[in-house]
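Visitor: I would like to learn how to read the features of a protein model. Please start with charged pairs, then go on to the sheet and the core.

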Amino acid sequence: MKKEESIDADYLASAKYDQYYGAYATLPNWFLTELASREKVLELACGTGRIAIPLAEHGLEVTGIDYSEPMLSLARSKADGRQVKINWIHDDIRRFDTGRQYGSILLLSNALWHLHDLADFEECIRCVKRHLAPGGHFILDVFVPGLEILNRDPSRRYPFSRYTDDKTGQEVQVTQSYRYEADTQIARMVHYRGDSDEIVGGLNLRMYFPQELEALLKYNGIRIKEKFGSWDRDAFGPDSRHQLCFCTVTETG
């Protein structure tokens, strides 16, 4: 299988991706202060640099890894345009080796969803443990799976986003079909141009439930030191939408 065939379609259309989700993320000051105290930052599945670039602008030494060359190409261009230096690496977050250690390793914006099975998860965590400096934090953020979304009718189309067509310059409404597989816990999404049958992208995302995630981390040598239910640092509880975890290593990989 070619590398491109294993990448979800949305990650081969990098400019469209930025239109879907925004070119840059807004990071809270408390988070920037937390990372600044640890200096070197490694972001896994960094994509188009939506997070890595604001971190570098804050004065951090940032390395970003991603599997999609189109995403990294746009990230490099954006970083150059904003005159920040970032070490971009084209690699697999399950099998990377930079030869360095970092005070913070990030897996944010639901990037965990791209680890589709136990083998993927454990390979990634082994790499994280090798690269995390003593006393460092592995920080991950992933949504709590919402049953109202998982139970969507797979025969229906749902509003998703919009983008500007490169050829016509017109704004295109994007709709989404959504099929959740209970056995694999993977949500398979196909994106269409409006109400037509023209496919413009797609994603295959593995859901992680809170108790499951805690167990997977624990039995792979990772301890959750703090867990928040939002980026406002609300306590994690029954109505939380985020699983924002600050983790430490309990055993080396």
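Guide: Take arginine 157 and aspartate 197, whose side chains form a salt bridge with an N to O distance of 3.0 Å. A salt bridge here is a side-chain nitrogen of Lys or Arg within 4 Å of a carboxyl oxygen of Asp or Glu. Arginine 157 sits in the loop between helix H6 (147-150) and strand S6 (158-164), and aspartate 197 in the loop between strand S8 (186-193) and strand S9 (199-206), so the pair ties together parts that are 40 residues apart in sequence. This is a predicted model, in which local features need pLDDT of at least 70 and side-chain atom pairs count only at pLDDT 80 or more, while totals for chains, interfaces and linings use all residues. Residues are numbered from 1 along each chain as its sequence is written, and side-chain values use heavy atoms, with hydrogens and water left out.

Visitor: Are arginine 157 and aspartate 197 buried, partly exposed or exposed?

Guide: The classes are buried, under 20% relative accessible area, exposed, over 50%, and partly exposed in between, with a 1.4 Å probe and protein chains only. Arginine 157 is partly exposed because its relative accessibility is 28%, and aspartate 197 is exposed because its value is 64%.

Visitor: How many salt bridges does a search of the whole structure find?

Guide: Side chains of opposite charge can pair when their charged atoms come close. The search finds 17 salt bridges. One joins aspartate 18 and lysine 78 at 2.9 Å, N to O. Aspartate 18 is in helix H1 (residues 14-21) and lysine 78 in helix H4 (residues 69-81), distant parts of the chain 60 residues apart. Helices (H or I, at least four residues) and strands (E, at least two) are DSSP runs, numbered from the N terminus. Both aspartate 18 and lysine 78 are buried. Another salt bridge links arginine 179 and glutamate 181 at 3.1 Å, N to O. Arginine 179 is partly exposed at 42%, and glutamate 181 is buried at 17%. Shared partners also join Asp92, Arg94, Arg95, Asp120 and Glu123 into one salt-bridge network.

Visitor: In what order do the seven strands of the open sheet run?

Guide: Strands of a sheet pair through backbone hydrogen bonds, either parallel or antiparallel. Here the order is S3-S2-S1-S4-S5-S11-S10, with mixed pairing; two strands pair if DSSP finds at least two bridges between them. Strand S3 (87-90) and strand S10 (222-228) are at the edges with a single partner strand each, so one side of each has no neighbour in the sheet. Strand S5 (residues 132-143) and strand S11 (residues 242-249) are antiparallel, with six bridges. In S11, leucine 244 is the bridge partner of aspartate 141.

Visitor: Which residues have the most contacts inside the largest nonpolar core?

Guide: In soluble globular proteins, nonpolar side chains tend to be buried together. A nonpolar core is a set of buried Ala, Val, Leu, Ile, Met, Phe, Trp, Tyr and Cys residues joined through side-chain atoms within 4.5 Å. The largest has 36 residues, and Leu44, Phe121, Phe138 and Leu217 have the most contacts inside it. H5 gives the largest share of this core, five residues. Leucine 44 touches, among others, Ile65, Phe96 and Val128, not counting residues up to four places away in sequence; contact means heavy atoms within 4.5 Å. Apart from this core lies another, of 28 residues, including Leu35 and Trp88.
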